[in-house]
Amino acid sequence: MNKLDIIVIFLPFIFTFFYALIFFARQQINSKHYLSNLIYSFIFILFINLYLILKFFNLFSSQQVFYIVFVYLCSSFIFMNLIQIPISSLQAKILKIIFKDPNLTEKLILKKYKSSNVFEERIKTFLFNKTITIKNSLIILENKKILLFYTFLKFLKKIYNIKIS
Amino acid sequence: MDQIINILIYIFVYVFAHLIFFRLFNFNINKIFIVLLAFFASLFILIYTNSYEILLNLVSFNIFVLSFYILFPGVLNNGPALVIIDLLVKNKSIKKKKLKFLFNKNEASRVVRNRLRLNLDSNLILKKKNKKLLLTSKGKAIVHVLHFIAKFFKLKTYE
């Protein structure tokens, strides 16, 4: 193994670290659009990644090129999920509720967190991050980026024979 | 190029095996045990072969297995956000009242009960004799980590 081989092993993780840094910087400037920050930071680093690969193309083998891109995509996916958990995971939210109030019982939580509350909260979140808008009392899906995730999940659910509704 | 084909075959075999087990035997092999097994098997192969090409393939394979492990609960469970998006895709513009009605009709409306059960089953919460719920040390650690992530990245969590 030469020096370049060792660098290649760590390169996708270094790119993911820079992805996290850029996302962090964007969040300090504007924390309202976290989803856009998450996606644009990812695309920006992906372009840098591809640019560097093209620039030094003759130094890398085809396997190394595949490795750098593939591992960056997977580790970025893990990072995106890590960011999503505190925002949208209900399982994590239940843990936080119990942490804040240790006197809660299962009945009390279910009473406090009825389906209508869950619905209202999700609508509030969607309105805040501009996924939906309300025009003339009608709810309209505004953010088309979310449709990418939706289509991907729907495709997987179809393969695994899991129905959404 | 052969090595790229190899890793694509490993990944395809893993996903295909998962799909077969899930659809035919109703068994989810996507468990932390499998992730760890893949990791330790890779470590063993790596020590045995001492090959750089295999190292790259095994890192790729392991990170894919980890990503798949994270992705699959989202495929398996219908979260409330996904159900709302699905209803909005099916009904291009809809009144809030009707959307709420359709949401409440859906299985996802019982999501809190399901997630609470999941937390109890994974030993993140303990039920005391007086029916009060308590976080286990594992649960507390998760809350602290998530709190740190939210604070560090300035994430709005709607509490």
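How many residues does the contact take from chain A and from chain B? This model is predicted.

**Figure 1. The contact between chain A and chain B.** Chain A brings 67 residues to the contact, and chain B brings 69 residues. On the side of chain A that touches chain B, two or more residues come from each of α1 (3-29), α3 (62-88), α4 (90-100), α5 (106-112), α6 (115-128), β2 (138-141) and α7 (145-159) of chain A. The largest share of that side is the 18 residues of α3(A). Sorted by class, the side of chain A that touches chain B holds 42 nonpolar, 18 polar and seven charged residues.

Figure 2. Three strands line up as β1(A)-β2(A)-β1(B), with antiparallel pairing. The edges are β1 (132-135) of chain A and β1 of chain B; each has a single partner strand, so one side of each has no neighbour in the sheet. On average, neighbouring strands of this sheet are turned by 35° against each other, direction ignored.

Figure 3. Three bridges join β2(A) to β1 (residues 93-95) of chain B, in the antiparallel sense. A:L138 has B:K95 as its bridge partner in β1(B). Helix α5 (residues 96-105) of chain B lies across β2 of chain A together with β1 of chain B. This helix runs at about 85° to β1(B).

**Figure 4. The largest nonpolar core.** This core has 33 residues. A:L95, B:I84 and B:L88 have the most contacts inside the core. At least two residues each come from α4, α6, β2 and α7 of chain A, and from α4 (80-90), α6 (111-121) and α7 (137-152) of chain B. α4(B) gives the most, with seven residues.

Figure 5. Leaving out residues up to four places away in sequence, A:L95 touches B:N119, B:L124, B:L135, B:G139, B:I142 and B:V143.

**Figure 6. Domains of chain B.** The domain assignment divides chain B into domain 1 (2-76), domain 2 (79-121) and domain 3 (126-159). Taken over C-alpha atoms, the centres of domain 1 of chain B and domain 3 of chain B are separated by 30 Å.

Notes:
Residues are numbered from 1 along each chain as its sequence is written. Chains are lettered from A and ligands numbered from 1 in the order in which they are written. This is a predicted model: local features need pLDDT of at least 70, side-chain atom pairs count only at pLDDT 80 or more; totals for chains, interfaces and linings use all residues. Two residues are in contact if their C-beta atoms, placed from the backbone, lie within 7 Å. Helices (H or I, at least four residues) and strands (E, at least two) are DSSP runs, numbered from the N terminus. Ala, Val, Leu, Ile, Met, Phe, Trp, Tyr, Cys and Pro count as nonpolar, Asp, Glu, Lys and Arg as charged, and the others, Gly among them, as polar. Two strands pair if DSSP finds at least two bridges between them. Domain bounds come from an automatic or database domain assignment. A nonpolar core is a set of buried Ala, Val, Leu, Ile, Met, Phe, Trp, Tyr and Cys residues joined through C-beta atoms within 7 Å. A residue is buried if 20 or more other C-beta atoms lie within 10 Å of its own, exposed if 12 or fewer, and partly exposed in between; C-beta atoms are placed from the backbone. Axes are lines fitted to C-alpha atoms, for helices over the stretch in contact, and angles run from 0 to 180 degrees between N-to-C directions.
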